[in-house]
Amino acid sequence: MCQCANMPITMRHVCHSAANWHIGILAHWHIIHWHIIINYIILMIRLEGITKNFGSLQVLKGIDLEINKGEVVSIVGPSGAGKTTLLQIMGTLDEPDNGNVYIDGTKVSKMKEKELSAFRNKHVGFVFQFHQLLPEFTALENVMIPALIAGTSSKEATARALEILSFMGLAERASHKPNELSGGEKQRVAVSRALINNPAVILADEPSGSLDTHNKEELHQLFFKLRDQLGQTFVIVTHDESLARITDRTVHIIDGIINNC
Ligand SMILES: Nc1ncnc2c1ncn2[C@@H]1O[C@H](COP(=O)(O)OP(=O)(O)OP(=O)(O)O)[C@@H](O)[C@H]1O
Ligand SMILES: [Mg+2]
């Protein structure tokens with residue numbers, strides 16, 4: 001029982017207000033500090049002052065962005081706004097003119113090409129609008145390739161690829177080549193390939209752009225299942241409003257800057 005139980009009503013009110021205030025301050029302190037601590041521990045992507053020009057065309061004019069582990073973030077904006085350019089810079093496929101990119105705490109901006117491609121293979125998964133699977137290889141082999149490049153043994157890569165394909169509901173399709181798979185299945189194989197090395201982040205550029213409504217929704221649900229069950233981080237460029245609406249955060253790129261007003 002509160003120590004003020006025997007006080008007059010007015011005094012009790014003062015006592016409770018003080019206690020609530022105290023609890024409020026503590027709660028506030030708690031939230032602020034957890035926020036800082038969690039951010040510090042699980043920041044997956046940090047972009048600082050990114051600029052990019054193509055000739056006289058200023059595409060990105062100073063982008064600062066932070067993405068935490070387990071976030072599903074969408075990037076939207078008009079055609080030509082620089083969304084793909086930003087995603088490619090974030091994934092180290094392109095270099096900014098100015099600014100820094102940090103992935104999972106590592107500054108990648110000044111890495112040499114060989115070191116960078118090894119880093120990219122291990123830490124970043126890509127999913128594109130068109131699956132970009134290699135036609136002469138089976139679904140299983142396509143998924144295994146990034147693991148083999150990373151030096152994983154064939155036995156281990158096979159086991160992991162089969163595990164992911166089963167998680168995706170594609171175990172029965174493992175030996176099929178891309179032309180023997182539906183559009184939705186091909187994109188799920190592409191997501192499996194992106195996942196194989198446990199990347200810090202999966203970057204997807206209009207991943208459902210070539211799918212019909214049913215397959216599109218299934219793929220979107222898959223992103224959230226992967227986030228909820230594996231803590232996977234996603235950055236997704238999309239023109240699909242229904243997808244942008246359900247992501248944790250939407251970043252609007254307009255005129256080369258982030259405009260979230
Ligand atoms: N390699 C390049 N050389 C010259 N200009 C380029 C290059 N890549 C992109 N651009 C230009 O930069 C601008 C931004 O292109 P980007 O592909 O990033 O746009 P986007 O927002 O992804 O558009 P969309 O929604 O149509 O895919 C466009 O005007 C494009 O023509
Ligand atoms: Mg684009």
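Student: Hi! How many helices and strands are there in the protein chain?

Tutor: Hello! The protein chain has 8 helices and 10 strands. Bear in mind that this is a predicted model.

Student: And what percentage of the residues count as buried?

Tutor: Of the 261 residues in the protein chain, 33% count as buried. As for contacts between residues at least 6 apart in sequence, 69% of them join residues at least 24 apart.

Student: What holds strands of a sheet together, in general?

Tutor: Strands of a sheet pair through backbone hydrogen bonds, and they can do that either parallel or antiparallel.

Student: Then in which sense does strand 7 pair with strand 6?

Tutor: Strand 6 (residues 124–127) and strand 7 pair in the parallel sense, over 4 bridges. You can find Val124 with Val201 of strand 7 as its bridge partner, and Val127 opposite Ala204 in strand 7.

Student: What about strand 7 and strand 8, parallel or antiparallel?

Tutor: Strand 7 pairs with strand 8 (residues 234–237) in the parallel sense, again with 4 bridges. Ile202 has Phe234 in strand 8 as its bridge partner.

Student: Which helix goes with those two strands in a β-α-β unit?

Tutor: That is helix 7 (residues 213–230), and the β-α-β unit made by strand 7, helix 7 and strand 8 is right-handed.

Student: Is strand 7 mostly covered or mostly open?

Tutor: Strand 7 (residues 201–205) is mostly covered, with 5 of its 5 residues buried. Val201, Leu203 and Asp205 point one way, Ile202 and Ala204 point the other way, and all are buried.

Student: Nice. Now the other sheet: what is the order of its 4 strands?

Tutor: That open sheet runs 2-1-4-5, with antiparallel pairing. Its edges are strand 2 and strand 5, which have a single partner strand each, so one side of each is left without a neighbour in the sheet.

Student: How many bridges join strand 1 to strand 4?

Tutor: Strand 1 (residues 43–54) and strand 4 run antiparallel and are joined by 5 bridges. One to look for puts Ile45 with Ile103 in strand 4.

Student: And how many bridges join strand 4 to strand 5?

Tutor: There are 2 bridges between strand 4 and strand 5 (residues 106–107), and these strands run antiparallel. Ile103 turns up again here, with Thr106 of strand 5 as its bridge partner. In the hairpin of these strands, 2 residues sit between strand 4 and strand 5, and Asp104 takes a positive phi near 50 degrees.

Student: Let's switch to the ligand. Which residues surround ligand 1?

Tutor: Around ligand 1 you will find Phe54, Leu57, Val59, Gly77, Ser79, Gly80, Ala81, Gly82, Lys83, Thr84 and Thr85. Strand 2 (57–68) and helix 2 (83–90) are the elements that give two or more residues to this shell. The largest share, 3 residues, comes from helix 2.

Student: How many of the shell residues are nonpolar, polar or charged?

Tutor: By class, the shell has 4 nonpolar, 6 polar and 1 charged residues.

Student: What about Leu93, where is its place?

Tutor: Leu93 is in the loop between helix 2 and strand 4 (98–103). Leu93 and Arg120 are 27 residues apart in sequence, and their C-alpha atoms are 8.4 Å apart in space.

Student: Last one: which helices do the buried residues of helix 4 pack against?

Tutor: They pack against helix 3 (113–123), helix 5 (154–167) and helix 6 (183–195). The buried residues of helix 4 (residues 139–149) include Leu140, Val143 and Met144. Just after helix 4, Gly151 takes a positive phi of about 95 degrees.

Terms used
Residues are numbered from 1 along each chain as its sequence is written. Chains are lettered from A and ligands numbered from 1 in the order in which they are written. This is a predicted model: local features need pLDDT of at least 70, side-chain atom pairs count only at pLDDT 80 or more; totals for chains, interfaces and linings use all residues. A residue is near a molecule or strand if its C-beta atom, placed from the backbone, lies within 6 Å of it. Ala, Val, Leu, Ile, Met, Phe, Trp, Tyr, Cys and Pro count as nonpolar, Asp, Glu, Lys and Arg as charged, and the others, Gly among them, as polar. A residue is buried if 20 or more other C-beta atoms lie within 10 Å of its own, exposed if 12 or fewer, and partly exposed in between; C-beta atoms are placed from the backbone. Two strands pair if DSSP finds at least two bridges between them. A crossover is right-handed if, with the strands pointing away from the viewer, the path from the first strand over the helix to the second runs clockwise. Two residues are in contact if their C-beta atoms, placed from the backbone, lie within 7 Å.
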